[in-house]
Amino acid sequence: MPGVKGPSDYSKEPPRHPCLKINSKEPFNAEPPRSALISSYVTSADLFYKRNHGPIPIVDDLERYCVSISGLIENPNELFMKDIKMLSKYTVAATLQCAGNRRTAMSKTRKVKGVGWDVSAVGNAVWGGAKLADVLELVGIPKLSSTTQSGGKHVEFVSIDKCKEENGGPYKASIPLSQATNPLADVLLAYEMNGEPLNRDHGYPLRVIVPGVIGARSVKWLDSINLIAEECQGFFMQKDYKMFPPSVDWDNINWSTRKPQMDFPVQSAICSLEDVHAIKPGKLKVSGYAVAGGGRGIERVDVSVDGGKTWMEALRYQKIGIPYIADDPSSDKWAWVLFEVTVDVAHSTEIVAKAVDIAANVQPEKVEDIWNLRGILNTSWHRVQVRVGHSNM
Ligand SMILES: Nc1nc2c(c(=O)[nH]1)N[C@H]1C(S)=C(S)[C@@H](COP(=O)(O)O)O[C@H]1N2
Ligand SMILES: [Mo]
């Protein structure tokens, strides 16, 4: 790839914020403290979780960087940054969530394989870039197509990084052509995050953003786009990021029986309290985030201070001064809501949160019921223990 390279070692990694909790150093995987998530609706790039499978690519000549578009397409093409920037620029507020968010807690029931994450493998950013639907139209694929003339039904994104799961090859993933060419799906080739050029960790110079879908499909450091007949056969589509039932373990797994996970299910987590939190008796503010995949709004967030026997409804908000209404044009459909409720706590207890989306999907109560060997999509009710002390707090 001209102008951009994928290093094979970790000697040229970018600088990172000291507050990030590092879950794996090489490749670099890190999340911010819980409290950082609720300090603002838009997560700053330096505190946004970083999920990598190899060393971070290096751009040495942006002028020469281009994305090739080929495969089952009548007119293969190469697009330079200037070609992509010539298209209308859209900004989309979208929450990115790693499918492994809250994996550590799932491992407590029964061990799962994968990088451990607390509740912060999620962040909300305003992504700026061209719509993939416009890019594909530019190379001759009309809007709302589900197949190209030569039989392309999926759009594969190939990166420049070198991943050990791909035996040193690049990270890749695909989405259906019908989603890629639907302007309402808001799939972006993004060059900006929160009004700034992407930084190296988040995909500089160009990444895909697939709103409402697990983070794994939002390929960073885009190198090429292929139109293909079947979904991408890469490791991260076929041998990872699939949801298996609790009965499947490493000795009886058959990867081909399940589809790659796309939309993420409804999720929420309390971010104002750690897992075990010491407080004084009295009023306590409980806040966190809630997010649903597929562009579904958050209809409700329930909070309990007695381990789930009785519930109170929390206040939801996105932007200050604009009341949040799920699925209303005034709300950001791909973005999380923050929630807040003041509760009374007299003695040590368990505080629980669960969210309900606009389709009335609700988080499952127990992690055991959704346990899966790769530890993905832990969306069970989020619980924190509060220890109430009466002196010296
Ligand atoms: N090229 C490339 N793209 C990638 C990855 C990667 O390792 N390499 N990780 C994926 C995963 S699993 C997630 S959750 C998101 C994380 O994006 P972020 O690091 O910007 O938060 O990027 C996705 N895109
Ligand atoms: Mo991920």
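**Notes on the two-domain model**

1. The centres of domain 1 and domain 2, taken over C-alpha atoms, are separated by 26 Å. Domain 1 covers 4-257 and domain 2 covers 267-388, with bounds that come from an automatic or database domain assignment. This is a predicted model, in which local features need pLDDT of at least 70 and side-chain atom pairs count only at pLDDT 80 or more, while totals for chains, interfaces and linings use all residues. Residues are numbered from 1 along each chain as its sequence is written, and chains are lettered from A and ligands numbered from 1 in the order in which they are written.

2. Domain 1 puts in 38 residues and domain 2 puts in 30 residues, where contact is C-beta atoms, placed from the backbone, within 7 Å. On the domain 1 side, helix H1 (34-38), strand S8 (90-97), helix H3 (103-109) and strand S9 (122-131) each give two or more residues. Helices (H or I, at least four residues) and strands (E, at least two) are DSSP runs, numbered from the N terminus. That side splits into 21 nonpolar, 9 polar and 8 charged residues. Here Ala, Val, Leu, Ile, Met, Phe, Trp, Tyr, Cys and Pro count as nonpolar, Asp, Glu, Lys and Arg as charged, and the others, Gly among them, as polar.

3. Next, the core. The largest nonpolar core has 105 residues, and Val187, Leu188, Leu189, Ile209, Tyr289, Ala290 and Ile351 have the most contacts inside it. Each of domain 1 and domain 2 supplies at least three residues to this core. (A core is a set of buried Ala, Val, Leu, Ile, Met, Phe, Trp, Tyr and Cys residues joined through C-beta atoms within 7 Å.) Leaving aside residues up to four places away in sequence, Leu189 touches Ile84, Gly129, Ala130, Leu132, Val135, Leu206, Val208 and Leu222.

4. Have a look at strand S10 (residues 154-159): 6 of its 6 residues are buried, so the rest of the structure largely encloses it. Buried means 20 or more other C-beta atoms within 10 Å of a residue's own, with C-beta atoms placed from the backbone. One face holds His154, Glu156 and Val158, the other Val155, Phe157 and Ser159.

5. S10 runs antiparallel to strand S11 (residues 172-176), joined by 5 bridges, and Phe157 sits opposite Ala173. With strand S15 (residues 222-228) there are 6 bridges, again antiparallel, and Ser159 faces Leu222 there. Pairing needs at least two DSSP bridges between strands.

6. Finally, ligand 1 is surrounded by 18 residues, the closest being His53, Cys98, Ser159, Tyr171 and Gly215; near means a C-beta atom, placed from the backbone, within 6 Å. The shell divides into 8 nonpolar, 6 polar and 4 charged residues.

Definitions and conventions
A residue is buried if 20 or more other C-beta atoms lie within 10 Å of its own, exposed if 12 or fewer, and partly exposed in between; C-beta atoms are placed from the backbone. Two residues are in contact if their C-beta atoms, placed from the backbone, lie within 7 Å.
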